[in-house]
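Subject: Handover of a structure and the findings on it

Dear colleague,

Please find below the structure that I am handing over to you.

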Amino acid sequence: MPRFEVRDQFLLDGKAFKILSGSIHYFRIPPADWYASLYNLKALGFNTVETYIPWNFHEEREGVFDASGEKDFEAFLDLAQELGLYAIIRPSPYICAEWEFGGLPAWLLTKSIRIRSSDEKFLTYLARYYDFLLPKLVKHQLDNGGNILMFQIENEYGSYGEDKAYLKKVRDLLLEGGISQPLFTSDGPWRATLRAGSLIEDDILVTGNFGSSAQKNFAQMQAFFDENGKTWPLMCMEFWDGWFNRWGQEIVRRNPKELVEAVMEAIELGSINLYMFHGGTNFGFKNGCSARGQTDLPQITSYDYDALLDESGNPTAKYFALQEALKARYPNLWFDKPLTKSFMEKKGIALEDKMSLLDNLDQLASYQINCLYPQNMEDLGQNEGYILYETTIKKDKEEERLRIIDARDRIHLYLDGQLMATQYQEEIGRDIEVPLLSDTLSIQILVENMGRVNYGHKLLAPSQRKGLGRGMMADLHFVTNWTHYGLDFSKWKDLDFSKEWKKGVAGLYRYQVNLDEPSATYLDVSQFGKGCVMVNHHLIGRFWDIGPTLSLYIPKEFFRKGANTVLIFETEGRYAEAIDFVKTPIYKEM
């Protein structure tokens, strides 16, 4: 069997081996598109693919494990091996990756534990997950005839903690689970993070994460190696070739020429993993959230990342520029023309049906639970999306002051079916003055979980528990007797649109389109306010008119020949009589 070693350089079967790797997340790309992305990586001249494995993708419900279909990372590894690509796997409990809760399952929030620590309860849950995960990965190790070269222990832990007992326990779980390939950690390249996040004292390879100034950053890493008596090869485990994007902020772009110069500098000095090579899409509600002071900044559905392949997987100017530079410097590498996909345009897809949310909870809610006080999402067994809370209040005076306490993340408050207020982050908790026109009035509060943070100290914050928080106050008292309705988009099939639609409130809109030859496309959502889209029961993701994106990428694989259904759930009371499929993404002028 081939042998991969970490000495003073990387060795493959005893010969020097420079790792030229690119990040492709199988969980952000439909399986039908895996081949093209992997082929384009190989065609660039690279030899390795890297991917995280997100815990919350494979154990969404506690104790229920799944690695089938879109979650079949073994099939992804097989494809990579068939194409002659090696693999680096990062199965860390925590992945960051601008992914919901950094890959940690939301149900952990219901436990009295400290995540990412040597807390025995947390490690017990991790060990159970690894009992499912590791036997599948062991089969794909290089020394078992597979293509996996290395495994990561934890991800940028030096930017979070310094609990070395925790790191050692994760290492031990990997070894006990049969992992025999070299292990590594990855952190910022400066001493503080390397010291806190590594196991250099236990001879575990240290790698660094940065996106420029390779000479300077590798020099910091080399100094840390020298300080600890290590003669290891230098590797940038995340060379950031672009960046992620947040709602309401401009798209981040990087100059291709400048990037190529920075990448080539890194390759001359060591090994590299481009983060990202193909970013893909945060399908469904899997986008993460940045924590900035008192304000959280949820990320958008697109994970285009301004990478070498765009969101759809087509090569960009960066791809061709880097390929040309590699051809000139390393002519003996294997290169080829990249694969591309075509796009379809379809204008004027007419609205067929529409319904209001509040009048159709009986068919739109996946559960209806009554409690004295409002319960958060996690306590109700729901991880993501929306919950509607309903109660009644009594008339004590002509106008009442309502306050929502600690709700996360965005709310719409309705009084007898009429929208009274929309609040988000800093606004939540402010007075909502409502007129009381009858003795008993219905209150409905739609709460959207816009994504949990994926990086930093707020992983431990109460704000990661989503829902109505401590509840609603009328006058000076908390209101009781709540009914909870969980909205499960996966169950929205064969819907009855016969009830009267009401203007200005959250609603659901159905469009039908016949396709003879489906292709990938972008759905123009610029006429809508905020919500999410489903195509043939695939939950595509979120949209919001504050930008920067005003379209959603839809892969070819989500369509079918003949009739196709597009469902748009919209919370701001805005809709379109017709929608368009377009060939290129639409951006808001910022």
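In helix α8, the residues P256, L259, V260, V263, M264, I267 and E268 meet A317, K318, A321, L322, A325, L326 and R329 of α9; contact here means heavy atoms within 4.5 Å. The residues of this contact divide into eleven nonpolar, no polar and three charged. In this classification Ala, Val, Leu, Ile, Met, Phe, Trp, Tyr, Cys and Pro are nonpolar, Asp, Glu, Lys and Arg are charged, and the others, Gly among them, are polar.

Before going further, please note that this is a predicted model, in which local features need pLDDT of at least 70 and side-chain atom pairs count only at pLDDT 80 or more, while totals for chains, interfaces and linings use all residues. Residues are numbered from 1 along each chain as its sequence is written, and side-chain values use heavy atoms, with hydrogens and water left out.

Helix packing

Helices (H or I, at least four residues) and strands (E, at least two) are DSSP runs, numbered from the N terminus. Helix α8 covers residues 256-269 and helix α9 covers residues 317-329; they pack at an angle of about 40°, with their axes 9 Å apart. Axes are lines fitted to C-alpha atoms, for helices over the stretch in contact, and angles run from 0 to 180 degrees between N-to-C directions. The angle makes α8 oblique to α9; under 35 degrees counts as roughly parallel, over 145 as roughly antiparallel, 65 to 115 as roughly perpendicular and the rest as oblique. The crossing of α8 past α9 is right-handed, a term used if the near helix is turned clockwise from the far one by less than a right angle, whereas anticlockwise is left-handed.

Helix α8 also packs against helix α7 (residues 214-227): their axes come within 9 Å and cross at roughly 35°. Here A214, Q215 and F218 of α7 touch E265, A266 and L269 of α8. By class, this contact has four nonpolar, one polar and one charged residues.

Helix α1 (residues 34-44) packs with helix α3 (residues 73-82) at an angle of about 40°, and their axes are 10 Å apart. These two helices are therefore oblique to each other, and α1 passes α3 in a right-handed crossing. W34, Y35 and L38 of α1 make the contact with A75, F76, L79 and A80 of α3. That contact comprises seven nonpolar residues, no polar and no charged.

Pockets and the cavity

Rolling a probe the size of a water molecule over the atoms shows where empty space is left. The search uses a 1 Å grid over the protein atoms alone: a cavity is a set of points where a 1.4 Å probe fits but cannot get out, a pocket is an open set with protein on both sides within 12 Å along at least five of seven lines, and lining residues have an atom within 4 Å of a point. Grid points are joined across faces, edges and corners, and a volume is the space filled by probe spheres set on the points.

The largest pocket holds about 1000 Å³ of space. Its lining has 38 residues, and those nearest its centre are E60, K286, E384, S490 and L539. At least two lining residues come from each of α2 (55-58), β15 (365-371) and β28 (538-544). By class, the lining of the largest pocket has 17 nonpolar, eleven polar and ten charged residues.

The second largest pocket holds about 430 Å³. Of its 28 lining residues, C96, E98, E156, W243 and Y455 are the closest to its centre. The largest share of this lining, four residues, comes from β12.

The structure has one cavity of 30 Å³ or more, and the largest cavity contains about 60 Å³ of space. Among the residues that line this cavity are E60, K286 and E384. Its lining divides into three nonpolar, two polar and six charged residues.

Backbone details

A cis peptide bond, with omega about 0°, joins Y275 and M276; M276 is found in strand β11 (residues 271-278). The peptide bond from G547 to P548 is also cis, with omega near 15°, and P548 lies in the loop between β28 and β29 (551-554). E156 has a positive phi of about 50° although it is not a glycine. This residue, E156, is found in the loop between β7 (148-155) and α5 (164-176).

Yours sincerely
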